[in-house]
Amino acid sequence: MPLLKRKRYPLLQPPTYDPTKKDKERQVWYYRITNEVFEDYTTYLQRLTLYRRPVWQCEITGRSNLTYEDALKSEMIERDRVRDKLPENLQQRVLERVQFQTARLDSVVEDIYMYFLERYIADEIVNCIWDDKIAYNARILEVYPSEKQDSKNNISKNTTYKVQLIDNHLEGIEDCVKLVGKTELKRDRLSYSKNLLKKFIRRCATKETYMGAPWMVKTELSEKYGIDSKLPLKLQQAKDNAYSNSRKRNHLNHEDKTSKSESRMMDVKYLESIIKYPIEDLDVPAYRRDPSGEGKVVDMSPNTAHANKPVQNPTGDMPLCPIPRKTTIPMDCFGSLLMVWCFLSIFARPLDLSPFTIDDFENALYHDSSAIKARLLIESNVALLNAIIYQQHKTKSQGTPAVNLALYDEYHLRASTPIEESQKEISTVASPSSNDDNKSELSEFEEHITPSRRASLMERGCGSEAVAKVGMQWNSKSIPLTEDRKGWEDVLIGCINQLAPLDKVPEFDRILNLLVPCPDSTLGEREKAYIALSIKDKIAIFELLVQCVNECTFIKEYMEECQDQLTELRKQKIELSKERKRISLARVDYERRTGESSEATHGKLHTVDPSDSENSDSEDDVPHAPSQPLTKKSSIHESRQAILKRRQTQREAHENKRIKLHHRQREEAKARQLEQKARSDERKKLDEDERLLYKKEEQVERDLRKFCTLRIKSLGRDKFYNRYYYLDHIGGGISHGTGRLYVQSPSDTDKLLLLERNHPSMDKHHTLPCGRGGGIDFVSQLMRKQGLEKECELLTQSLESMSSLGSDTQEWWWVYQEPEELENLLEWLNPKGIRESKLKRELEKHVYSLTIGMKKRYNVSYFMLWIVFLRLDIILT
């Protein structure tokens, strides 16, 4: 502690809190250096001035003319510097003397201090008085004790020391070596003191609590310095006696404490207070305790006693999961359907398509009438085919083959026909200098080119003559913009014949065999054949076309344009976050000023309170009270008119004072009114700014979804690893493009994580005080009890096939399409789990848009159903 005039300066005690007093919120002043709290501002200023004056002294170094803060820093630095300043050899000697002493710490410190006060050790750095009578830093090289000893202090008399002076780098000076006596040596007072010895002993030795217990050097230090740690016989006997007297009691207390701690560690209420949520969803302790909320939590980790027992509380005190609905599309192709629809919705602008809902797309896929054509299906196919044809024309005009569709040209690049070899030669010869010549050669070559054929695996399959005849010159020109797009089926057949990938040739052989009913089929027959295709085959054709178009250059350019837009939107989002922070700070400042002004207003109101006016009136009347007897006494010498005139003057003065007070009150009321109006206007402006900012943020979020073309991310996963997708507003589509929340089964990676729960290795590096949930059986019990029985059966079958075969391709989808189902889903999600807490936040962010989309979808479907009934009524009548 810093010294003032060589004495410690006492600090103020913190003020006491009296709950009976009315001034609970009183103003105080705080000084951070001394942690003092002042109730009086004058005292605070006096102390602050004193602490900042250079009159303080460092208690350790003795440096003076310092401020309080500088002196305090000096003491801290010096304590850190001398913490381990005892020499290594001296440390060993001190610990040897401490070992097995039974006295109190102060007595041990006094004994060691006096013992080593005039005993110096080799390799110790001391202050040595040299020939010029000046003390220098020196190192003791050797110690030469004499045979004579002082019987009182057991110190060798006339002990000589061989010392060598050292420089600033603690290195010895060769020519400065001599023998000196102990009277010419002295230790630095900061490197050898009772306080330093006390701290050193406390850090390096321990002492048990029984009576007569010795000081014991710590094990690592005794092994380092070779100090004997075996207790002498007497000390060992004393220790055994002390332990024998208290062993039984300590053993019973230890068992009682252990049982209490174990039972407490598994108690529900205690666990709830120490667990930091969110944690792994399937390890939440609510599933493994009694439904009443009392008792212990059962550890159901693999290879434990409770691993295969029934789950006590499978619902976790949460409502049941709303049962999702199945879709009309087959499960094995529903994911492809969503992919195709999302692609057509996202890239509707470069493909010249109008946005449409997924319900319209499903209805068009199920359309099987040749009398009324499905315009949506036709235009979608034509848009994709024209994009492929445009890309091939563009690449051919540049003198290179259409290798952008690399996924589908692999077969042709591997083929060894003379036609394709000539195509390779033409593509390699092409250069900017001979671009015109190459174009003419290409045009002459294309007049004689015939479509490359595959080895047909079946009749009317890929590469067959019938299919090649129908699809000949399919990419010669774009499909014309006519009313019925006549002949687009032949273009589709030619495209499939040329671009079908090798791994899917058998599947497309079967589709082409259906699209070309016979070798001499007519266009009408092929139109009916496409309409008669199954929905799975139609989606497979769309998937092929989408994968081809995805490699087109104009699609990539559109994606780059969207990325530029996303970059700008992210910058806007950063600016909006700064604006929100500014508004928040302005609101905090407004609330602070409003609180101060309200107090000031309260003070002003107190000054113009009616009671004050009464007091002022009474004060004015005070001097007139004794005037009545004076008037009586002076009435003899004063006329009646003078008395009335004087009273009239007093009444006029009193009235003038009342009028002035009234005017002052009105002015203060007007000022308060103006101030309140200014505060109200400021509050309205902040509310309006916040409302506009909220609208801008919503618009930015919509635009971010609109230009998100690279990948559609899921909203999150629930406790069973099911993934949730919200597809509206993506790519600039209509707000109710789906009007649903889609749920996808766990991926292969997620299923592997579920399978790993059957192995105890999952608890190797991470443990919880409440234990863990079980394996697949535990997960199955939770799913059945929470209302997901069918999903549980599908997941169990999928995991069994995955564990036996090593892979699983089974996938399933469900949907939520009612606002009530969405509300029930939010109630079912447990925010104590990592995955479900994130999923719940994302759903709450989009719940408004989801609800609006669901309602719009319902209204549109109801309106379309009403139109159908109206048409039927007209036809029947």
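Cys 562 is buried, at 1% relative accessibility, where buried means under 20% relative accessible area, exposed over 50% and partly exposed in between, using a 1.4 Å probe and protein chains only. Cys 792 also counts as buried, at 1% relative accessibility. A search of the whole structure finds zero disulfides, a disulfide being a pair of cysteine sulfur atoms within 2.5 Å.

A word on the ground rules: this is a predicted model, in which local features need pLDDT of at least 70 and side-chain atom pairs count only at pLDDT 80 or more, while totals for chains, interfaces and linings use all residues. Residues are numbered from 1 along each chain as its sequence is written, and side-chain values use heavy atoms, leaving out hydrogens and water.

Ser 380 sits in helix H11 (residues 375-397). Helices (H or I, at least four residues) and strands (E, at least two) are DSSP runs, numbered from the N terminus. With a relative accessible area of 1%, Ser 380 is buried.

What lies 2.8 Å from a polar atom of the side chain of Ser 380? The backbone oxygen of Leu 376 does. Here a polar contact is a pair of N or O atoms within 3.5 Å; within protein, one must be able to donate a hydrogen and the other to accept it, and residues adjacent in sequence count only if both atoms are side-chain atoms. Leaving aside residues up to four places away in sequence, Ser 380 touches Leu 344, Leu 353, Phe 356 and Phe 542, contact meaning heavy atoms within 4.5 Å.

Next comes an open sheet of four strands, in the order E15-E16-E17-E18 with antiparallel pairing. Strand E15 (716-717) and strand E18 (813-816) stand at the edges, and each has a single partner strand, so one side of each lacks a neighbour in the sheet. Two strands pair if DSSP finds at least two bridges between them. E15 and strand E16 (residues 723-725) run antiparallel and are joined by two bridges, with Gly 716 standing opposite Tyr 724 in E16.

Helix H9 (residues 331-346) packs on this sheet, where H9 touches strand E17 (741-744) and E18. The direction of H9 makes about 60° with that of E18; axes are lines fitted to C-alpha atoms, for helices over the stretch in contact, and angles run from 0 to 180 degrees between N-to-C directions.

## Salt bridges across the sequence and along helices

Side chains of opposite charge can pair when their charged atoms come close. The whole structure holds 43 salt bridges, each defined as a side-chain nitrogen of Lys or Arg within 4 Å of a carboxyl oxygen of Asp or Glu. One of them joins the side chains of Arg 835 and Asp 281, at 3.7 Å from N to O. Arg 835 belongs to helix H28 (residues 834-876) and Asp 281 to the loop between helix H8 (268-274) and H9, so this pair ties together parts that are 554 residues apart in sequence. Both Arg 835 and Asp 281 are buried.

Other pairs sit within a single helix. Glu 688 forms a salt bridge with Arg 691, and their closest N and O atoms are 2.2 Å apart. Both lie in helix H23 (residues 640-706), three residues apart, about one turn of the helix. Glu 688 is partly exposed at a relative accessible area of 32%, and Arg 691 is partly exposed at 37%. In helix H28, Glu 842 and Lys 845 are likewise three residues apart, about one turn, and they form a salt bridge whose closest N and O atoms are 3.7 Å apart. Glu 842 is partly exposed at 22%, whereas Lys 845 is exposed at 54%. There is also a network of salt bridges that links Arg 580, Arg 587, Asp 687, Glu 690 and Glu 697.

## Backbone features worth a look

Most residues other than glycine have a negative phi, and most peptide bonds are trans. Which peptide bond is cis, with omega near 0°? That is the bond from Tyr 277 to Pro 278, and Pro 278 is placed in the loop between H8 and H9.

Two residues other than glycine have a positive phi: Asn 65, near 60°, and Phe 100, near 75°. Asn 65 is in the loop between strand E5 (56-57) and helix H2 (68-81), and counts as exposed at 62% relative accessibility. Phe 100 is found in the loop between helix H3 (88-98) and helix H4 (105-115).
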